[in-house]
Amino acid sequence: MSDADLEEIRKGRLAQLQQQQQQQGGAGGGPGAAGQDEQRKQQEAEARASILSQILHPEAADRLGRIRIVKESRATDVENRLILLARSGQLRAKVTEEQLKELLGAVAENNERDGTTGGKIVVSRRKGGWDEDDDLLDL
């Protein structure tokens with residue numbers, strides 16, 4: 001399938017979900033509210049995926065996927081920034097992997113400056129501790 005075919009499928013599915021939501025009306029607070037929230041989140045996720053597929057080279061999309069596996073919050077921050085740039089018209093071409101690396105660095109610097117990092121992991125090892133193998137050295 002080509003990108004155009006996938007885009008048509010996404011648009012059709014999004015239109016179908018919107019039509020179902022309009023038919024159900026504004027029944028909020030009932031048992032259908034949770035289903036509507038889930039449906040809305042799914043629509044937003046599909047829209048985000050559609051936008052990202054249009055603005056990212058495949059290599060950059062792969063890198064962003066690997067980042068999501070390791071640190072989902074950082075991937076979400078980068079996606080939000082990319083979508084914001086795309087909507088404001090500041091992206092002239094698809095984002096390459098190198099440009100994504102630069103954006104990741106900028107997001108990391110911004111998080112460090114704001115103090116919103118997840119914290120650094122510090123490993124402190126005990127010094128002078130005894131180990132069973134140390135007994136063998138006395139021989």
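Q: Looking at the largest pocket, what's its lining like by class of residue?
A: By class, there are eight nonpolar, three polar and seven charged residues in that lining. Keep in mind that this is a predicted model.

Q: OK, and what volume does the largest pocket have?
A: About 340 Å³.

Q: Which residues lie nearest its centre?
A: Ala49, Leu52, Ser53, Gln54 and Ala61 do, out of the 18 residues that line the largest pocket.

Q: Which helices each supply at least two residues of that lining?
A: α1 (3-24), α2 (32-55) and α3 (58-70).

Q: And which one gives the most?
A: That's α2, which puts six residues into the lining of the largest pocket.

Q: Switching topic: at what angle do α4 and α5 pack?
A: Helix α4 (residues 72-87) meets helix α5 (residues 97-114) at about 115 degrees, and their axes are 10 Å apart.

Q: So are those two roughly parallel or roughly perpendicular?
A: Roughly perpendicular to each other, since angles of 65 to 115 degrees are counted that way.

Q: Is the crossing left-handed or right-handed?
A: Right-handed, as α4 passes α5.

Q: Which residues make the contact?
A: From α4, you've got Arg74, Asp77, Val78, Arg81 and Leu82. The α5 side brings Leu100, Leu103, Leu104, Ala106, Val107, Ala108, Asn110 and Asn111.

Q: How does that contact split by class?
A: Eight nonpolar, two polar and three charged residues make up the contact of α4 with α5.

How values were computed. Residues are numbered from 1 along each chain as its sequence is written. This is a predicted model: local features need pLDDT of at least 70, side-chain atom pairs count only at pLDDT 80 or more; totals for chains, interfaces and linings use all residues. Side-chain values use heavy atoms; hydrogens and water are left out. Axes are lines fitted to C-alpha atoms, for helices over the stretch in contact, and angles run from 0 to 180 degrees between N-to-C directions. Helices (H or I, at least four residues) and strands (E, at least two) are DSSP runs, numbered from the N terminus. Angles under 35 degrees count as roughly parallel, over 145 as roughly antiparallel, 65 to 115 as roughly perpendicular and the rest as oblique. A crossing is left-handed if the near helix is turned anticlockwise from the far one by less than a right angle, and right-handed if clockwise. Contact means heavy atoms within 4.5 Å. Ala, Val, Leu, Ile, Met, Phe, Trp, Tyr, Cys and Pro count as nonpolar, Asp, Glu, Lys and Arg as charged, and the others, Gly among them, as polar. On a 1 Å grid over the protein atoms alone, a cavity is a set of points where a 1.4 Å probe fits but cannot get out, and a pocket is an open set with protein on both sides within 12 Å along at least five of seven lines; lining residues have an atom within 4 Å of a point. Grid points are joined across faces, edges and corners, and a volume is the space filled by probe spheres set on the points.
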